[in-house]
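Colleague: I would like to learn how to read a model of this kind. Could you take me through it feature by feature?

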Amino acid sequence: DSCYVRYASNFIHGTGRIDGEIMETLWVPLNIISPSARGMGTPHCKEVLDYQMNDCNFMKMIHI
């Protein structure tokens with residue numbers, strides 16, 4: 001219990017709250033490419049995931 005009070009974002013001055021469900025919506029585009037990313041080396045995998053997330057953010061931005 002003492003760890004919760006110490007590290008929970010509800011009690012830290014200056015932190016914000018996020019909706020945990022919104023984080024799960026970001027996994028859907030990554031699930032599409034995850035089978036092909038498994039066989040990649042670490043640098044290439046990071047680059048592909050970064051590209052996918054940038055594309056996802058761009059698509060959200062142009063549809064606003």
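Predicted model: local features only at pLDDT ≥ 70, side-chain atom pairs only at ≥ 80, totals over all residues.

Colleague: What does the secondary structure of the protein chain come to?

Modeller: The protein chain has four helices and zero strands. Along the sequence this gives the pattern α-α-α-α.

Colleague: Is the protein chain a compact globule or more spread out?

Modeller: Here one compares the radius of gyration with the globule rule. The rule gives 11 Å for 64 residues, and the radius of gyration of the protein chain is 17 Å, well over that value, so the chain is more spread out than a compact globule. Along the principal axes, the C-alpha atoms fill a box of roughly 40 × 35 × 15 Å.

Colleague: What percentage of the 64 residues of the protein chain counts as buried?

Modeller: The share is 11%. The cut-off for buried is under 20% relative accessible area.

Colleague: Now the helix pair. How are two packed helices described?

Modeller: In general, two packed helices are described by the angle between their axes and the distance between the axes. Here, take helix 3, residues 27-37, and helix 4, residues 42-62. Their axes come within 11 Å of each other and cross at roughly 160°. That angle makes helix 3 roughly antiparallel to helix 4, since angles over 145 degrees count as such.

Colleague: Which hand does the crossing of helix 3 and helix 4 have, left or right?

Modeller: The crossing is right-handed.

Colleague: Which residues of helix 3 meet which residues of helix 4?

Modeller: Helix 3 contributes Pro-29, Leu-30, Ile-33 and Ala-37. On the side of helix 4 they meet Cys-45, Val-48, Leu-49, Gln-52, Met-53 and Cys-56. Sorted by class, this contact has nine nonpolar residues, one polar residue and no charged ones.

Colleague: Let me take Gln-52. Is Gln-52 buried or exposed?

Modeller: Gln-52, in helix 4, has a relative accessibility of 18% and therefore counts as buried. Leaving aside residues up to four places away in sequence, Gln-52 touches Pro-29, Leu-30 and Ile-33.

Colleague: And Pro-29, is that residue buried or exposed?

Modeller: Pro-29 belongs to helix 3. Its relative accessibility is 17%, so Pro-29 counts as buried too. With the neighbours up to four places away in sequence left out, Pro-29 touches Gln-52 and Cys-56. Separation in sequence and in space can be read together: Pro-29 and Met-53 are 24 residues apart in sequence and 8.0 Å apart in space, C-alpha to C-alpha.

Colleague: Where is the place of Gly-41, and how does one class its accessibility?

Modeller: Gly-41 sits in the loop between helix 3 and helix 4. With a relative accessible area of 41%, Gly-41 is partly exposed. Asp-55 is 14 residues away from Gly-41 along the chain, and their C-alpha atoms are separated by 21 Å.

Colleague: Where is His-13 found?

Modeller: His-13 is in the loop between helix 1 (2-7) and helix 2 (20-25). The relative accessible area of His-13 is 81%, so this residue is exposed. The C-alpha atoms of His-13 and Thr-42 are separated by 36 Å, with the two residues 29 apart along the chain.

Note on methods
Residues numbered from 1 in each chain as written. Heavy atoms only, no water. Axes fitted to C-alpha atoms, helices over the stretch in contact; angles between N-to-C directions. Helix = DSSP H or I, 4+ residues; strand = E, 2+ residues; numbered from the N terminus. Parallel < 35°, antiparallel > 145°, perpendicular 65-115°, else oblique. Left-handed = near helix turned anticlockwise from the far one by under 90°. Contact = heavy atoms within 4.5 Å. Nonpolar A, V, L, I, M, F, W, Y, C, P; charged D, E, K, R; others polar. Rg over C-alpha atoms; globule rule 2.2 N^0.38 Å. Buried < 20%, exposed > 50% of the residue type's maximum accessible area, 1.4 Å probe, protein only.
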